[in-house]
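Have the structure open while you read.

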Amino acid sequence: MKSTGIIRKVDELGRVVIPIELRNQFGIYEKDPIEIFVDGSTIVLKKYEPNCIFCGSTKKIVTYSDKLICSKCAEKINKLASNLD
């Protein structure tokens, strides 16, 4: 992990401001969803990207029965379903 040298205080509502330089660098804009991860004692913020429920891919995502699935996993499911017929 690389330090930016930027330090921010948490306000009374628990908010932290992400500096504009970092938001621009990572393509984070007002109202964008941010995903929060915990790795041991480290908190990681990441711009949210929808991903496949099976493999985690973020490429070529489609919605099926309110679930996100990538095209590769959708093809595998179709092949599996064809073999059952």
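Lysine 79 counts as exposed, because its relative accessibility is 58% (buried is under 20% relative accessible area, exposed over 50%, partly exposed in between, with a 1.4 Å probe and protein chains only). You'll find lysine 79 in helix 2, residues 71–84; helices here are DSSP runs of H or I with at least four residues, strands are runs of E with at least two, and both are numbered from the N terminus. Keep in mind that this is a predicted model, where local features need pLDDT of at least 70, side-chain atom pairs count only at pLDDT 80 or more, and totals for chains, interfaces and linings use all residues. Residues are numbered from 1 along each chain as its sequence is written, and side-chain values use heavy atoms, with hydrogens and water left out.

Lys79 also belongs to a patch of positive charge on the surface, together with Lys60, Lys72 and Lys76. A patch takes residues with over 30% relative accessible area and no salt bridge, joining like charges within 9 Å and nonpolar side chains (Val, Leu, Ile, Met, Phe, Trp, Tyr) within 5 Å. A salt bridge, for its part, needs a side-chain nitrogen of Lys or Arg within 4 Å of a carboxyl oxygen of Asp or Glu.

Now for the hairpins. Strands pair if DSSP finds at least two bridges between them.

| Strands | Pairing | Turn residue and phi |
|---|---|---|
| Strand 1 and strand 2 | antiparallel, six bridges | glycine 40, about 65 degrees |
| Strand 3 and strand 4 | antiparallel, four bridges | serine 65, about 50 degrees |

Strand 1 and strand 2 have two residues between them, and aspartate 39 has threonine 42 in strand 2 as its bridge partner. How many of the six residues of strand 1 are buried? The number is zero, so strand 1 (residues 34–39) lies largely in the open. In the other hairpin, two residues also sit between strand 3 and strand 4, and valine 62 bridges to isoleucine 69 in strand 4.

Proline 50 sits in the loop between strand 2 and strand 3 and is partly exposed, at 39% relative accessible area. Its C-alpha is 7.7 Å from that of isoleucine 61, eleven residues away along the chain. Isoleucine 7, in the segment before helix 1, is exposed at 74%. Between isoleucine 7 and proline 19 there are 9.7 Å, C-alpha to C-alpha, and they are twelve residues apart in sequence.

Technical notes. Areas by Shrake-Rupley, 256 points an atom, 1.4 Å probe, with all protein chains shown as cover. Lys, Arg positive; Asp, Glu negative; His and termini not counted. Charge placed at Lys NZ, Arg CZ, Asp CG, Glu CD.
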